[in-house]
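Dear colleague,

I am passing on the structure below, and I would be glad if you could look through it alongside the notes that come after it.

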Amino acid sequence: MVQHEGIHHVSLIVTDLQRAKAFYEEVLGLRTIERPPFDFPGEWYAVGDTGQQLHLIVHNGETKRTGGIDTRDGHFAIRVRDFDETVDWLRRKGIEHTANRDSVTGFAQIFLLDPDRNVIELNAAKK
């Protein structure tokens with residue numbers, strides 16, 4: 001049997017590292033962490049304080065996503081502390097998103113796209 005300890009990291013393909021870094025650092029507020037000296041560009045981020053990570057990998061191919069935000073598309077989720085503050089922050093930054101405080105999931109959800117059209121969910125416990 002596989003005994004899970006948690007998700008270590010999620011990797012995403014990006015095409016423009018500087019644009020992606022600006023989004024993940026300035027919009028989502030992620031903190032960079034040390035990355036091994038690979039022979040290809042990328043960036044690693046800490047997500048929260050429990051050792052989970054997000055890895056960006058530069059790849060010049062195209063992503064398959066061409067439409068808008070699709071909450072049923074493949075995505076990863078980051079838990080946030082405050083739904084209203086997060087929605088307000090995204091509005092102030094001009095980030096297109098969909099927000100559902102009363103999701104059937106039992107927690108509030110916000111969906112958005114990064115600059116390479118990767119779907120991201122931000123969710124918060126219901127108050």
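This is a predicted model: local features need pLDDT of at least 70, side-chain atom pairs count only at pLDDT 80 or more; totals for chains, interfaces and linings use all residues.

Residues are numbered from 1 along each chain as its sequence is written, and side-chain values use heavy atoms, with hydrogens and water left out.

Helices (H or I, at least four residues) and strands (E, at least two) are DSSP runs, numbered from the N terminus; two strands pair if DSSP finds at least two bridges between them. Buried means under 20% relative accessible area and exposed over 50%, with partly exposed in between (1.4 Å probe, protein chains only).

Strand β4 (residues 52–58) is largely enclosed by the rest of the structure, because five of its seven residues are buried. Strand β1 (residues 9–14) pairs with β4 in the parallel sense over six bridges, and Val14 has Val58 of β4 as its bridge partner. Strand β3 (residues 42–47) pairs with β4 in the antiparallel sense, also over six bridges, and Tyr45 stands opposite Leu54 of β4. Four residues lie between the strands in the hairpin of β3 and β4, where Gly48 takes a positive phi near 75°.

In helix α1 (residues 17–27), Leu17, Ala20, Phe23, Tyr24 and Val27 are the buried residues. Seen down the axis of α1, these fall within an arc of 150° (taken from the directions from the helix axis to the C-beta atoms), so they line one face of the helix. Gln18 and Glu26 are exposed on the other side of α1. After α1 comes Gly29, with a positive phi near 70°.

Best regards
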